[in-house]
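This report goes through one protein structure residue by residue. Please look at the sequence and the model first, and keep both in view while reading.

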Amino acid sequence: MRQKINNVLNIIMESFVGVWIGHGIFTYWDYKTHPDLYFINSAPWYTSTLIYGAVVLAILAICLLIKFMIRKGMKNSSGSE
């Protein structure tokens, strides 16, 4: 069961990183294609990518914490038997 949870967490982590990279590529392409749209905003064109990056880092930290707790639980349970 723990291995299944670990696999699901790996998929979640890889998916969020992939979506973040895809968003960054699309934002850069859109900026190069339509620079006038981004000139109107007071924030730089890459602000949304930074915000998504912060959210992805928070999700990765939570997933890594869960993985650490699972691994620690596996060591404790194997040592007590």
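In this predicted model, Thr-49 has a relative accessible area of 13%, which is under 20%, so Thr-49 counts as buried. Thr-49 sits in helix H3. What does Thr-49 touch, once its neighbours within four places in sequence are left aside? The contacts of Thr-49 are Trp-20, His-23, Gly-24 and Thr-27.

Two of these names return with another residue of helix H3, Tyr-52. Not counting residues up to four places away in sequence, Tyr-52 is in touch with Trp-20 and His-23. Tyr-52 has a relative accessible area of 46% and is partly exposed. Tyr-52 and Phe-16 are 36 residues apart along the chain, and their C-alpha atoms are separated by 9.5 Å.

The next topic is the aromatic rings. How many aromatic pairs does the structure hold? The structure holds 5 aromatic pairs. In one of them, Tyr-31 and Tyr-38, the ring centres are 5.8 Å apart and the planes stand at 75°, so this pair is edge-to-face. The cut-off behind that label is an angle of over 60 degrees between the planes. Tyr-31 also pairs with Trp-45, and here the rings are stacked, with 4.8 Å from centre to centre and 10° between the planes. For the stacked label, the angle has to be under 30 degrees.

The pair of Tyr-31 and Trp-45 links distant parts of the chain. Tyr-31 belongs to helix H1, which covers residues 2-33. Trp-45 is in the loop between helix H2 (35-40) and helix H3 (47-80), and the two residues are 14 residues apart. Are these two residues buried, partly exposed or exposed? Tyr-31 has a relative accessible area of 25% and is partly exposed. Trp-45, at 24% relative accessibility, is also partly exposed. Ring pairs join Tyr-28, Tyr-31, Tyr-38, Trp-45 and Tyr-46 into a cluster.

The loop between H2 and H3 also contains Ser-42. With a relative accessible area of 82%, Ser-42 is exposed. How far apart in space are Ser-42 and Lys-72, from C-alpha to C-alpha? The distance is 47 Å, for two residues that are 30 residues apart in sequence.

The table sets out C-alpha distances for some pairs of residues, with their separation along the chain.

| Pair | Separation in sequence | C-alpha to C-alpha distance |
|---|---|---|
| Ser-42 and Lys-72 | 30 residues | 47 Å |
| Tyr-52 and Phe-16 | 36 residues | 9.5 Å |
| Ile-11 and Thr-49 | 38 residues | 21 Å |
| Phe-68 and Asn-6 | 62 residues | 9.9 Å |

Ile-11 lies in helix H1. At 53% relative accessibility, Ile-11 is exposed. Phe-68 is in helix H3. Phe-68 has a relative accessible area of 52%, which is over 50%, so Phe-68 counts as exposed.

Helix H3 also holds Ile-66. Ile-66 is partly exposed, at 34% relative accessibility. Which residues make the nonpolar surface patch? The patch is formed by Met-1, Ile-5, Ile-62 and Ile-66, and its area is about 410 Å².

A last point is the confidence of the prediction. The protein has a mean pLDDT of 91, and 95% of its residues reach 70 or more.

How values were computed. Residues numbered from 1 in each chain as written. Predicted model: local features only at pLDDT ≥ 70, side-chain atom pairs only at ≥ 80, totals over all residues. Heavy atoms only, no water. Phe/Tyr/Trp six-rings, centres within 6.5 Å; stacked < 30°, edge-to-face > 60°. Buried < 20%, exposed > 50% of the residue type's maximum accessible area, 1.4 Å probe, protein only. Helix = DSSP H or I, 4+ residues; strand = E, 2+ residues; numbered from the N terminus. Patch = residues over 30% accessible without salt bridge, like charges linked within 9 Å, V, L, I, M, F, W, Y side chains within 5 Å. Areas by Shrake-Rupley, 256 points an atom, 1.4 Å probe, with all protein chains shown as cover. Salt bridge = Lys/Arg side-chain N within 4 Å of Asp/Glu carboxyl O. Contact = heavy atoms within 4.5 Å. pLDDT = per-residue confidence, 0-100.
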